[in-house]
Amino acid sequence: MEWNIEKEYILRGLARTQSIVEKKNTIQILSNVLLKLTGNDLTIEATDLEVGISATYECEGIAPGGVTVDAKTLYEVVRQIPEGTVIHFLKKENNWLEISAGRSVFNLVGLAPEDFPEVPVPEGESQWNMDPDLLNGMIEKTIFAVSQEDMRYNLSGVYIEIIQDGKAKKIRMVATDGHRLSLIDSDFEGDIPIPASQGVIVPKKGLSELSKLLDESEQAVGMRLEGNNLIVKRDCLTLVMRLVDGRFPDYRQVIPAGNDKEISVSREDFIKTIRRVSILSYERVKMVKFHISPSIMEITSESPDMGTAREEVTVQYEGPEMSIGFNSNYLLDILGAMDDQEVVIRLLDESSPGEIRPAKEKGYFFIIMPMKI
Amino acid sequence: MALIPPTHSFTAPRRMARLAGDRTILHIDMDAFFASIEQAVNPALVGKPIAVIGSKKRTVIVTSSYEARKKGVKTGMTAGEGMRACPDLILVPGNNRRYIDASVRILAIMRDYSPDVEVFSIDEAFVDVTGSLRLFGGAERIAREIKRRISEDLNITCSVGVAPNKLVAKLVSGLKKPDGLTIVTQDEVGPLMDGMPIEEICGIGSRLGKVLKGLGIVTCGDLGRYPVSVLKGKFGVTGERLHYMALGVDETPIVPIGQEDAAKSIGHSMTFPYDVDDQQGMHRYLLLLSAKVGRRVRKAHCSGRTIYLYVRFSDFTGLGRRHTLPKPIRLDLDIYHAAADVLSTIEIPLPVRLLGVSMTNLVYSGSQLPLLSGERREFLLAHAVDDIKDRYGDDILSQAEASDWSQEAGVISPAWRPQGTRRVDPK
């Protein structure tokens, strides 16, 4: 196996693998990338057995073959080679890979390519296409609410389902970590083979990789559900993610219907105030308290070691006075994911879920559970 | 419920200031506390060898009067052993409410002389009087005043150590007992420590003492002169601390009630009135213990990830095992299930005498309400039960399974605190 390739080409391919390869490498080969050469096509693959990527890059092929080497080391080596250099790769005995560029020569220890776990190849055509901006927007508004805890397996991804609204069809994404929830609907035409009222859970890591790919190009991506995998395709790049095998909780139950206290506030002002006040919130809790009265919302925090903070924000509100506490990080996550200027907060009481939604747009909203004050 | 307990006032800068200059610390140690109180309230017991025992059916001697100690009665003996050592020993069942009440009154006396009172145990406390020396005319006067008032109000005695830090104060309060007063100035610390046997220092137990003696270290003087680098190599960070302890240097501040650091572990154990050899019986106690632990974990706004179960068998041998969970828990039944899982891994060859459940690996979880309906119901239920217990006492509600057992009175733990996570509501 031997080939020449320009630094920028292979660097781009290797960069795409970096966040996929296993960091805690219990299985050593998972911290490697697989390089396969057929003709002038160099395929670079990486997988952690849940998310896998495979992409083909053009090169000057000399002799075909395959090898796997440590992904981080190879990436670092290639990254440090001067721009515009053509790099020569040569696989030697015992899976050693020699890399020469200019006057530098590197020899990397490799493993047999046969031992590398296969990244599934889609068996059929894409079943539906998605616009990258639309899909990325949906991911951005949900992914932050996915649970960080390994334990809550059924919450470790974003739930995707198809909503039949009369004749119109919508694609819905929902995420929750048990404290807050995001939901976004987008109009959708076409046919997604997800049965109505029974969605799929797409893992967080897969979606964040997908989001990076969507940022790269304006081109629509093709998608396909196959077995227990969601496969995303764009040209000769394939991203495969294994769906989370679990039941997503009945999120409809927690969407409040009777929240009668409605507060409108400028999103920018609200974010800045929370950022300022939360500096003095108790580090371990991050709670800020809100006292809401007509036209004025008072936001306070206190930390036993540092002191207190208080700020008032002008709001539109005409109901009775009430107090409620929230985790400021959760609020900032939510407000940061919104793009409207004006947000509406709907509350019931100090121990019931609150709802935050954009004043105009109707496609998405967030639910946040208060803290006991 | 307040986010921060009101006792968490903003005192950090003051604490720093105290560290800077010379300090005067009192260590007040009640003499044979429980026994003295029993003698104080019952004149018939005065001057007699008495031993305070638990009110349960089976128990050990918690403390004994000086008269009994002279005859060889020791804390931890069974009642039978005590009687053998001293045939005219009078056994008095403990009365926790009485001791807590006395402890609270004693703390109130100390607080008249300084706000910085650190409770060390039910019968020991530190008082930082640095800031009130001029107000009350010096450390000796404060110490004598406190001794006099405790003696007048409660008719019991205490021994007081006065020193520039907690370590030395505690060391010297034990030098003259009972009813002693020992004052050590900064200049006297060095000579005092030089000849002091290392075991006298609070924190050097018999095991560590043995290791040190193996190095030829007998007195604090020896320890202080021992190369720090060698101590560090042998004991790690503790090595450096040992060096300073031996020199009588201790900069740890007085931590007033309510400002203690977050608890590292929360646990509860219980000796049964009868040895238990059936699974069902053990599980009932486990449920009861889990509820007690859960309540305290929630009171501290914590959740715990590691559960530790201790089993003591009828022959007094025992073993403990721990298990770390993938996510932190705080509900009684979750704790029970985790503890029951650990119990199922332990082979029970003999009837069980005592079970202990504790949680470590505590994380502060605040009071975030869960969103998902099932979890939210559980959370609100637990807090509603806690609120009811706060108002009507811990025994007012319990799992039906465990209810028969919840009435058993236990002996108060020496680590009892008047407030904070250690609080157990006394009977």
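Reader: Is helix H6 of chain A mostly covered or mostly open?

Author: Happy to start there. In this predicted model, H6(A) is mostly covered, with 7 of its 10 residues buried.

Reader: What caps the N-terminal end of H6(A)?

Author: That is A:Asn327, which has a side-chain oxygen 2.8 Å from the backbone nitrogen of A:Asn329.

Reader: Which residues touch the most other members of the largest nonpolar core?

Author: They are A:Trp3, A:Leu74, A:Phe89, A:Leu210 and A:Phe290, in a core of 99 residues. Helix H6 of chain A brings the largest share of this core, 6 residues. Another core, of 37 residues, lies apart from it and includes B:Ala32, B:Val92, B:Met110 and B:Ala125.

Reader: What is A:Phe89 in contact with, leaving aside neighbours within four places in sequence?

Author: Its partners include A:Met1, A:Trp3, A:Ile10, A:Leu74 and A:Val78, and also A:Glu2 and A:Glu98.

Reader: And pockets: what volume does the second largest pocket have?

Author: About 1000 Å³. Of its 31 lining residues, the closest to the centre are A:Glu149, A:Arg152, A:His179, B:Ser303 and B:Pro328. By class, the lining holds 12 nonpolar, 8 polar and 11 charged residues.

Reader: Which elements of chain B each supply at least two residues of that lining?

Author: Look at strands E11 (318-329) and E12 (352-364), together with helices H15 (332-344) and H16 (373-392).

Conventions. Residues are numbered from 1 along each chain as its sequence is written. Chains are lettered from A and ligands numbered from 1 in the order in which they are written. This is a predicted model: local features need pLDDT of at least 70, side-chain atom pairs count only at pLDDT 80 or more; totals for chains, interfaces and linings use all residues. Side-chain values use heavy atoms; hydrogens and water are left out. On a 1 Å grid over the protein atoms alone, a cavity is a set of points where a 1.4 Å probe fits but cannot get out, and a pocket is an open set with protein on both sides within 12 Å along at least five of seven lines; lining residues have an atom within 4 Å of a point. Grid points are joined across faces, edges and corners, and a volume is the space filled by probe spheres set on the points. Helices (H or I, at least four residues) and strands (E, at least two) are DSSP runs, numbered from the N terminus. Ala, Val, Leu, Ile, Met, Phe, Trp, Tyr, Cys and Pro count as nonpolar, Asp, Glu, Lys and Arg as charged, and the others, Gly among them, as polar. A nonpolar core is a set of buried Ala, Val, Leu, Ile, Met, Phe, Trp, Tyr and Cys residues joined through side-chain atoms within 4.5 Å. Buried means under 20% relative accessible area, exposed over 50%, partly exposed in between (1.4 Å probe, protein chains only). Contact means heavy atoms within 4.5 Å. A polar contact is a pair of N or O atoms within 3.5 Å; within protein, one must be able to donate a hydrogen and the other to accept it, and residues adjacent in sequence count only if both atoms are side-chain atoms.
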